[in-house]
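Dear colleague,

Please find the structure below, handed over for your reading.

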Amino acid sequence: MNHQREIRSSISGDSGSPTELVKPDENSKILLTGILICNTTGTDRTASVYIASHAKPGVSARSNVFLAKDVAIPANTTVEMIEGEYPLIRQRKAHYHDKLVGYASAASAIDIIISYKTEID
């Protein structure tokens, strides 16, 4: 297993157009091992992180699954999420694939760091 991280600075402030945080490569899966959410402003903010399942054309979409929904992040504070490990999967020729996305209550207020493992069985 390889340990990886993705850093997203100033995530979207629009729930209709969230920032992509991490997506497995085709025909692979990753294990999420940590999420750090940092409010870089002097004002309290909220952040949401969810698994967006995208369907191929002609296939009914599945519901998004929130890991955190409008979590309060105090001014100039970092919050750590995830207990244990959670898989994200992207299989070749599957009707769906997962990706982790997020948004904040204000644009350019929240930074997110995702840690994960690759090359897993």
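**Surroundings of S12**

Leaving aside neighbours within four places in sequence, S12 touches S17, P18, T19, Y103, A104 and A107. Please note that this is a predicted model. S12 sits in the loop between β1 and β2. S12 has a relative accessible area of 15%, under the 20% limit, and therefore counts as buried. A polar atom of the S12 side chain also lies 2.9 Å from the backbone nitrogen of D14.

**The chain as a whole**

The chain has 0 helices and 9 strands. Read from the N terminus, the order of elements is β-β-β-β-β-β-β-β-β. Of the 121 residues in the chain, 35% are buried. The chain exposes about 6,800 Å², and carbon and sulfur atoms supply 44% of that area. Among contacts between residues at least 6 apart in sequence, 83% join residues that are at least 24 apart.

**Salt bridges**

Side chains of opposite charge can pair when their charged atoms come close.

R8 forms a salt bridge with E6, with 3.2 Å between the closest N and O atoms. R8 is partly exposed at 24% relative accessibility, and E6 is partly exposed as well, with a relative accessible area of 22%.

A further salt bridge joins E20 and K99, where the closest N and O atoms are 3.2 Å apart. This pair links distant parts of the chain, since E20 belongs to strand β2 and K99 to strand β8 (residues 96-104), 79 residues apart. How accessible are the two partners, E20 and K99? E20 is partly exposed, with a relative accessible area of 32%, whereas K99 counts as buried at 16% relative accessibility.

The side chains of E85 and K117 also meet in a salt bridge, at 2.6 Å from N to O. E85 is partly exposed, with a relative accessible area of 43%. K117, by contrast, has a relative accessible area of 15%; because this is under 20%, K117 counts as buried.

R45 is found in strand β4, which covers residues 45-55. Why does R45 count as partly exposed? The relative accessible area of R45 is 24%, which lies between the limits of 20% and 50%, so R45 is placed in the partly exposed class.

Which residues does R45 contact, leaving aside its neighbours within four places in sequence? They are N39, V71, A72, I73, S105, A106, A109 and I110. Within the part of the chain left out of that list, the side chain of R45 makes a polar contact with the side chain of T41, at 3.5 Å. The C-alpha atoms of R45 and T77 are separated by 10.0 Å, and these two residues are 32 apart along the chain.

Most residues other than glycine have a negative phi.

S10 is not a glycine, yet S10 has a positive phi of about 55°. S10 is located in the loop between β1 (2-8) and β2 (19-22). The relative accessibility of S10 is 36%, and S10 is therefore classed as partly exposed, the class between 20% and 50%.

N76 is likewise not a glycine, and its positive phi is about 50°. N76 is placed in the loop between β5 (65-73) and β6 (78-81). Is N76 buried or exposed? With a relative accessible area of 57%, over the limit of 50%, N76 counts as exposed.

**In brief**

The chain comes to 9 strands and 0 helices. Its salt bridges include E20 with K99 and E85 with K117. Positive phi values are found at S10 and at N76, and S12 is a buried residue in the loop between β1 and β2.

With kind regards

Note on methods: Residues numbered from 1 in each chain as written. Predicted model: local features only at pLDDT ≥ 70, side-chain atom pairs only at ≥ 80, totals over all residues. Heavy atoms only, no water. Helix = DSSP H or I, 4+ residues; strand = E, 2+ residues; numbered from the N terminus. Buried < 20%, exposed > 50% of the residue type's maximum accessible area, 1.4 Å probe, protein only. Contact = heavy atoms within 4.5 Å. Polar contact = N/O pair within 3.5 Å; in protein donor to acceptor, adjacent residues only side chain to side chain. Salt bridge = Lys/Arg side-chain N within 4 Å of Asp/Glu carboxyl O. Areas by Shrake-Rupley, 256 points an atom, 1.4 Å probe, with all protein chains shown as cover.
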